[in-house]
Amino acid sequence: MLLDFSQLGWWRIALCAVAGVAVVFLLAPLCLLIALSFDSSQWLQFPPPGWTLQWYREVLADPNWLNSFLTSVELGIVVTLASVFLGLLAGFALARGNFPGREMLRGFFLTPMIMPSIVLGIALYATFLRLHLAGTFLGFVLAHLVLALPFSIVAITSALEQTDKSLEDAAMLCGASLWEARVRVILPAIRHGIFSAAIFSFLTSWDEVVVAIFMASPGLQTLPVRMLGEVRQNLSPDIAVVSSLLVLGTILLMGLTALFNKDSKR
Amino acid sequence: MSGAYLELRNLRKEFGDFVAINNISLRIQKGEFITFLGPSGSGKSTTLYAIAGFIEPNAGDVLLNGRSLVRVSPNHRDIGMVFQRYTLFPHLTVAENIAFPLRVRRRPKAEIEAKVKEMLDLVHLTPMRDRKPAQLSGGQQQRVALARALAYDPQILLMDEPLSALDKKLREDIQAEIERIHLETGVTIIYVTHDQEEALRLSDRIVLFNHGGIEQVGTGEDLYDHPVSTFTAGFIGNSNLIDVHLQSGFPHLPDGTKLYNYQPNREGAKRLMLRPEDLFLAKEGIPVQITGRTYLGDVIAYMVRTGWGQELSVRTQRQDSNLQAYVGDTVCVGFNHEKAYIIPE
């Protein structure tokens with residue numbers, strides 16, 4: 001092989017150095033942020049003059065942060081459920097259906113992925129104002145669903161396409177109705193796809209900020225929206241704390257995913 | 001009228017301009033082992049899927065026990081099927097897979113448990129009952145699929161090239177197992193294959209498909225000894241086909257040799273079929289030159305060229321071959337004139 005690692009000789013050191021620099025470049029800001037969250041200085045001084053857990057106590061006691069957090073979680077869960085459900089319906093249509101315009105529909109479903117989110121945000125805001133949905137939880141769900149659905153459809157459709165249709169046929173000959181076959185046999189067979197769809201949908205909603213700014217109202221703010229507002233008004237250690245907690249949450253979520261994948265490989 | 005168990009009546013299926021099944025009619029008796037044999041694209045699988053209910057025919061009817069199945073959806077047809085690809089439900093164990101059709105039918109728990117045990121016993125897989133399909137070999141998976149398809153005592157069992165993904169040795173083992181299960185259960189089986197050896201070995205009757213139609217129906221011996229067409233003669237076993245001319249009922253070879261094999265009411269150009277094992281090397285007969293010789297242990301296969309320039313294949317038993325011949329030798333090929341079979345088409 002041209003690029004066989006063991007054949008590279010001295011280039012190996014250069015390669016490792018480049019990789020090391022890349023890792024540092026990607027992780028250093030995060031490490032800095034986490035360090036700042038324990039910084040005893042109120043002005044995000046670096047290197048920190050001392051260490052404290054004071055900011056964590058403050059953030060956890062602040063009902064505003066808690067409210068935004070809960071809003072984000074609720075929104076994420078509702079969006080995930082709706083996205084997976086609709087993704088399944090669309091996935092069956094795209095993977096199993098045979099109708100004119102199927103390929104066009106497949107492309108159309110993906111457009112929110114390439115549409116600039118600022119455009120989407122403005123368009124949704126203008127529409128929802130008319131429908132009296134702006135600033136409501138339902139409006140928020142619908143807006144994030146637009147963004148999350150493509151990921152869900154892609155994950156579920158590809159899982160379905162990798163699952164042999166004979167599996168469905170076999171279940172039907174065993175006496176199951178079409179929907180019974182799909183629920184009892186196909187859903188368990190594509191559970192990986194469903195799980196990825198759920199994770200992607202949740203994360204899409206969870207860290208989305210552009211469209212969320214248009215949907216938010218003073219009483220209904222997601223965590224990223226509050227964080228952005230906070231950064232712009234007063235740069236406080238609170239931000240570092242919330243960010244660090246988010247990093248922690250993400251790591252836990254990734255661990256959960258790895259665990260699920262490992263478990264289902266057996 | 002005395003009952004065909006399964007009857008296909010003028011069945012027809014088109015996909016656009018392509019006629020996949022061209023007005024097929026067929027009657028199958030209860031307990032028969034029927035093979036649908038034919039090259040790919042000949043309509044055998046399409047016909048099987050029409051019986052299963054996954055393909056809706058454009059015309060014609062499928063009758064099981066005198067009842068039309070065409071409007072019945074696959075889950076109400078009470079048909080068992082083993083597919084070409086592995087179709088065990090990946091999240092269920094072997095026992096749960098076999099129990100699935102019974103659970104769907106909401107049978108009592110004790111009955112399900114007893115039936116699963118009986119089926120595992122039938123396919124000799126009792127020790128594997130708690131394994132997942134991914135932990136089984138291909139052959140084991142197809143045996144579980146067979147057990148699952150038989151668990152609800154279906155009226156008919158369909159098998160769509162179930163062994164095509166397995167290697168030769170395993171295939172022969174499972175063929176023997178399928179034969180045994182057919183004997184033990186007495187279930188009516190329709191088995192699709194493109195492998196003529198498999199068809200000859202397993203079936204009571206073979207249905208030979210060609211271009212969406214049925215070329216010939218009969219026992220393996222019927223098809224081998226009395227093919228109705230050059231297609232059958234070529235598809236089942238090897239054959240030498242010689243153009244002959246019939247004059248006053250006697251066939252004449254291209255070099256003018258008259259065969260003493262009277263064919264009443266037949267005149268003109270016909271085709272003669274001679275199986276390679278019906279030919280032997282002799283002192284007299286058709287003069288030929290040996291162009292190839294392959295020693296195969298129990299038989300010796302020769303290729304010979306006749307005076308009129310046609311290559312013939314000859315297979316002689318090793319111990320019968322008192323005449324040794326090698327490439328380049330000029331010898332004669334003899335045959336029993338009564339074995340010479342004129343293809344009727």
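Two strands count as paired if DSSP finds at least two bridges between them, and strands (E, at least two residues) and helices (H or I, at least four) are DSSP runs numbered from the N terminus. In β2(B), for example, Val19(B) is the bridge partner of Glu14(B). The model is predicted: local features need pLDDT of at least 70, side-chain atom pairs count only at pLDDT 80 or more, and totals for chains, interfaces and linings use all residues. Residues are numbered from 1 along each chain as its sequence is written, chains are lettered from A and ligands numbered from 1 in the order in which they are written, and side-chain values use heavy atoms, with hydrogens and water left out.

**Annotated spans**

- UniProt, in an unreviewed entry, assigns "domain: ABC transporter" to residues 6-236 of chain B; UniProt positions are given here in the numbering of this model, feature names are shortened, and annotations may be inferred rather than shown by experiment.
- That span of chain B is 36% helix and 26% strand, and its end C-alpha atoms lie 25 Å apart.
- For chain A, an unreviewed UniProt entry lists "domain: ABC transmembrane type-1" at residues 69-258.
- Residues 69-258 of chain A are 83% helix and 0% strand, with the end C-alpha atoms 25 Å apart.

**Contact between chain B and chain A**

- Chain B gives 22 residues to the contact and chain A gives 18 residues, where contact means heavy atoms within 4.5 Å.
- About 1,800 Å² is buried between the two chains, and carbon and sulfur atoms give 68% of that area; buried area is the accessible area (1.4 Å probe) that two parts lose on being put together, summed over both.
- Asn75(B), His91(B) and Phe100(B) supply 29% of the area that chain B buries against chain A, more than any other three residues.
- There are four residue pairs in polar contact between the chains, both residues at pLDDT 80 or more. A polar contact is a pair of N or O atoms within 3.5 Å; within protein, one must be able to donate a hydrogen and the other to accept it, and residues adjacent in sequence count only if both atoms are side-chain atoms.
- On chain B, the elements that give two or more residues to the side touching chain A are α1 (44-52), β6 (79-82) and α2 (94-104).
- The largest share of that side, four residues, comes from α2(B).
- By class, the side of chain B that touches chain A has 14 nonpolar, three polar and five charged residues. Ala, Val, Leu, Ile, Met, Phe, Trp, Tyr, Cys and Pro count as nonpolar, Asp, Glu, Lys and Arg as charged, and the others, Gly among them, as polar.

**Salt bridges**

- Over all chains the structure holds 27 salt bridges, each a side-chain nitrogen of Lys or Arg within 4 Å of a carboxyl oxygen of Asp or Glu.
- One salt bridge is counted between chain B and chain A: Arg85(B) pairs with Asp164(A), the closest N and O atoms being 3.2 Å apart.
- Within chain A, Glu103(A) and Arg106(A) form a salt bridge at 3.3 Å, N to O.
- Both Glu103(A) and Arg106(A) lie in helix α4 (residues 102-114) of chain A, three residues apart, about one turn of the helix.

**Strand pairing in chain B**

- β1(B) and strand β2 (residues 18-28) of chain B run antiparallel and are joined by seven bridges.
- Two residues separate these strands in a hairpin, and Gly16(B) in the turn has a positive phi of about 60°.
- Strand β1 (residues 6-15) also pairs with strand β4 (residues 59-64) of chain B, antiparallel, over five bridges; Ala59(B) in β4(B) is the bridge partner of Arg12(B).
- β4(B) is joined in turn to strand β5 (residues 67-68) of chain B by two bridges, again antiparallel, with Ser68(B) as the bridge partner of Leu63(B).
- In the hairpin of β4(B) and β5(B), which has two residues between the strands, Asn65(B) takes a positive phi near 55°.
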